[in-house]
Amino acid sequence: MSATPNQDEFYKKLKTQLLDTALWPSEYLYKFIVKTNVSEIKKIGGLFNNMGAVITTKESKNGKYTSISINVRMKNPDAVISKYKEVAEKIDGVISL
């Protein structure tokens, strides 16, 4: 999946913000929302496997969606963006916050 111009702009802006607001390597908090589906939630967790990530999940009030928070130490903004792209590519219907 190739990034659209809007996505490219978003990632460019994110990289600038990350460079301006943190000393790298640094802890980074990813937040994702998916339709509640155990296999999709496990897939997202698997993408952060062996990285020392702390993963927490919370179902929405009606149980239709699950939010996933992942706190992990990343080496630089490029690594953060690369992981966002990997999740978007491999997980159908994921919303990145």
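Buried means under 20% relative accessible area, exposed means over 50%, and partly exposed lies in between, with a 1.4 Å probe and protein chains only.

Before moving on, note that this is a predicted model, where local features need pLDDT of at least 70, side-chain atom pairs count only at pLDDT 80 or more, and totals for chains, interfaces and linings use all residues. Residues are numbered from 1 along each chain as its sequence is written, and side-chain values use heavy atoms, leaving out hydrogens and water.

**The rings**

The charged end of Lys83 sits over the Phe48 ring, 5.2 Å from its centre. The test is NZ of Lys or CZ of Arg within 6 Å of the ring centre and within 35 degrees of the ring normal.

Phe32 and Phe48 make a tilted aromatic pair, 6.4 Å centre to centre with 50 degrees between the planes. Rings of Phe, Tyr and Trp (its six-membered ring) pair if their centres lie within 6.5 Å; planes under 30 degrees apart are stacked, over 60 edge-to-face, the rest tilted. Phe32 lies in strand S1 and Phe48 in the loop between H2 and strand S2 (54-59), 16 residues apart. Helices (H or I, at least four residues) and strands (E, at least two) are DSSP runs, numbered from the N terminus. Phe32 counts as buried, at 1% relative accessibility.

Next, Tyr84. Its pair with Phe32 is edge-to-face: 6.0 Å centre to centre, 70 degrees between the planes. This pair joins strand S1 to helix H3, across 52 residues. Tyr84 is buried too, at 5%.

The structure holds eight aromatic pairs.

**The core**

Centre on Ile44. Leaving out residues up to four places away in sequence, Ile44 touches Phe32, Val34, Ile68, Ile70, Ile91 and Val94. Contact means heavy atoms within 4.5 Å.

**Last stop: Pro25**

Go to the loop between H1 and S1, where Pro25 is found. Pro25 is partly exposed, at 45% relative accessible area. Show Arg73: the two C-alpha atoms are separated by 6.8 Å, though the residues are 48 apart along the chain.
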